[in-house]
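Subject: Structure for you to look at

Hi,

Here is the structure I promised to pass on. Have a look at it first, then read my notes below.

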Amino acid sequence: MSKSNDYHFITHWRVAGTCEEVDAIIGDAEGLKRWWPSVYLDTKVLEQGDANNVGKKVALYTKGWLPYTLRWNFVVTENRKPNGFTINAVGDFVGRGIWKFEQARNNCNVTFDWKLEAEKPLLKAFSFLLKPIFSFNHRWAMARGEESLTLELLRRRATSDEERNRISPPPSPTFPHNLTNNKIL
């Protein structure tokens, strides 16, 4: 029997690009705050891990559409470069996330399988009542991720500054936060 604060999300994206390109972007933890700023407010690599990034530990400060933030860490437990990787999360989330990248002609099919328990007191206490709203928040965040990844792929392929400057910036966070006091130390 699952608890009210258990969540399981499976997200599918299809982006124009290669698995290698997608892996390089999503696997760059410190770059998340630049290309996916609507969700990743701050990130910091705490441990580098081995040559395949297994053991890499990252601290994150994140948010979604709703006006609350989350602090959590992940450790890369498996790397299937360039076809994805697996993380274990602790903090305001506890669980496991599996990124999977599959080439389909000129597109990369991206799947994120995220099983977690919400441990942030607000989420844990109110999941029994507000689970649909918290689930919406996750879907919103992942939709911004697909949009931001598409824009980042276009930016990386641009052949001139002029072309790069015509590409829209990624979506900004809702309910902006003052990061001065909320950065990861």
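Let's start with a turn: β6 and β7 form a hairpin with 2 residues between them, and Arg-105 in that turn has a positive phi of about 60°. Before going on, note that this is a predicted model, where local features need pLDDT of at least 70, side-chain atom pairs count only at pLDDT 80 or more, and totals for chains, interfaces and linings use all residues. Residues are numbered from 1 along each chain as its sequence is written, and side-chain values use heavy atoms, with hydrogens and water left out.

Helices (H or I, at least four residues) and strands (E, at least two) are DSSP runs, numbered from the N terminus. Two strands pair if DSSP finds at least two bridges between them. β6 and β7 are antiparallel and share 12 bridges; Glu-102 has Asn-109 in β7 as its bridge partner. A hairpin through 1 residue links β5 to β6, and Ala-89 sits opposite Gly-95 in β6.

Next, helix α1, which covers residues 19-26. Its buried residues (buried means under 20% relative accessible area, exposed over 50%, partly exposed in between, with a 1.4 Å probe and protein chains only) are Cys-19, Val-22, Asp-23, Ile-25 and Ile-26. Seen down the axis of α1, they fall within an arc of 165°, so they line one face of the helix; the arc is that of the directions from the helix axis to the C-beta atoms. Among the elements covering them are β1 (6-16), β7 (107-118) and α3 (121-157), where contact means heavy atoms within 4.5 Å.

What about disulfides? Taking a disulfide as a pair of cysteine sulfur atoms within 2.5 Å, the count comes to 0. For Cys-19, the nearest cysteine sulfur is that of Cys-108, 3.9 Å away. Cys-19 counts as buried at 3% relative accessibility, and Cys-108 is buried too, at 0%.

Finally, the core. A nonpolar core is a set of buried Ala, Val, Leu, Ile, Met, Phe, Trp, Tyr and Cys residues joined through side-chain atoms within 4.5 Å. The largest one has 42 residues, and those with the most contacts inside it are Ile-26, Trp-72, Trp-99, Phe-101, Trp-114 and Leu-149. α3 supplies the largest share of this core, 7 residues. Not counting residues up to four places away in sequence, Trp-72 touches several residues, including Tyr-40, Ile-87, Ala-89, Phe-93 and Trp-114.

Cheers
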